[in-house]
Amino acid sequence: MCQVIVTCRSMLWTLLSIIVAFAELIAFMSPDWLLGFPRSDSDANGAGVDSVESRPSLGLYSRCVRIGTRGGGVSCGPYAGTFAEVASGFWQAAMLFLAAGTLVLGCVACISIFSLCFQSILKKSIFNICGLLQAIAGLLLMVGLMLYPAGWGSEKVISYCGPEASPFRPARCSLGWAFYAAIGGTLTTFLCAVLSAQAEIATSSDKVQEEIEEGKSLICLL
C-alpha cells in the first residue's frame, strides 16, 4: 500500500531538488555566460550616425549578437555546429562535466517526486541514495565551473573580449547571469545533499510510524 508522507523538510528537499535541476539546465543552455564589450552601430557605419550600444553574449555553445542598426533585432543561436567546434578543449570538458551533473540532478528531481509515496528502493533509503547522487552531481558541476574560465584564451573569446583575454582573465568581458546561476545551482546542490539526510529523519520519525500503524494513507507533519 502506498503511503504519502509529507513533512516540511522532505517537501523543502523535493522542491529544491526540482528547482536546482531546472536552474542548471537553463544555465547550461543559455548564451549569457560571457558578455562582450559594448559595441555601437557607429563602429560599423562610421561617425555621424546615431549609435545604439549593444553587448554580444557568448555561452558554452551558443551566442547572441545584434543584427541590423537602429532598432535591429538580436540573433541568438548555436555558434558550434558540432561538439568539435566548441570554442576550446577546456569548454568541451566543462560541457561534459556540466551536462553529466545536470543529468544526474534531473534524475534525482524525478525520483524526489516519487519519494512522497515511496521512501525506499531495494530496502535502501531513497533520500540517502538521492543525497549521494546530489553530492556527486555537485562535484561534477564544480569541476565543470573550474574548467570553464580556463578556456577564456580561445580565439572565440578573444573576438568577443579583446586581445587581452587569456585563461582566467576575461579582459573587456563581464560574467553573465548564466555563470552565476550555475554557481548558485552548484551550491544549492550541496545544500540539497545535506537536506536529504534531514528529509530521511523527518519521514522516519516516531510520529510518522505511529500514523502508519493507525492505517493512514496520507500523513502530513509540520
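The structure is a predicted model, in which local features need pLDDT of at least 70 and side-chain atom pairs count only at pLDDT 80 or more, while totals for chains, interfaces and linings use all residues. Residues are numbered from 1 along each chain as its sequence is written, and side-chain values use heavy atoms, with hydrogens and water left out.

The protein has seven helices and nine strands. Helices (H or I, at least four residues) and strands (E, at least two) are DSSP runs, numbered from the N terminus. Of the 222 residues in the protein, 41% are buried. Here buried means under 20% relative accessible area, exposed means over 50%, and partly exposed lies in between (1.4 Å probe, protein chains only). Among contacts in the protein with a separation of 6 or more, 66% come from residues 24 or more positions apart; a contact means heavy atoms within 4.5 Å.

Two disulfides are present in the structure. A disulfide is a covalent bond between the sulfur atoms of two cysteines, and is assigned here to a pair of cysteine sulfur atoms within 2.5 Å. The link of C64 and C76 is right-handed, with 115° about the S-S bond. This pair links distant parts of the chain, since C64 lies in strand β4 (residues 62-66) and C76 in strand β5 (residues 74-78), twelve residues apart. C64 is buried, at a relative accessible area of 9%.

C161 and C173 are also joined by a disulfide, with an S to S distance of 1.8 Å. The torsion about the S-S bond of C161 and C173 is about -95°, so this disulfide is left-handed. Because C161 lies in helix α5 (residues 155-161) and C173 in the loop between α5 and β8 (174-175), the pair ties together parts that are twelve residues apart in sequence. C161 counts as buried because its relative accessibility is 0%, and C173 is buried with a relative accessible area of 8%.

The sulfur of C110 has its closest cysteine sulfur in C107, at 6.7 Å, which is too far for a bond. C110 is partly exposed, with a relative accessible area of 47%. C107, found in helix α3 (residues 89-114), is partly exposed at 42%. From C-alpha to C-alpha, C107 is 9.2 Å from L133, and these two residues are 26 residues apart in sequence.

Helix α4 (residues 126-147) packs with helix α6 (residues 177-203) at an angle of about 165°, and their axes are 9 Å apart. Axes are lines fitted to C-alpha atoms, for helices over the stretch in contact, and angles run from 0 to 180 degrees between N-to-C directions. The two helices α4 and α6 are therefore roughly antiparallel, a term for angles over 145 degrees. The crossing of α4 past α6 is left-handed, meaning that the near helix is turned anticlockwise from the far one by less than a right angle.

Residues of α4 in this contact include F127, L139 and M142, and those of α6 include F179, F190 and C192. By class, the contact of α4 with α6 has 14 nonpolar, eight polar and one charged residues. Ala, Val, Leu, Ile, Met, Phe, Trp, Tyr, Cys and Pro count as nonpolar, Asp, Glu, Lys and Arg as charged, and the others, Gly among them, as polar. C192 is buried, with a relative accessible area of 0%.

Technical notes. Parallel < 35°, antiparallel > 145°, perpendicular 65-115°, else oblique.
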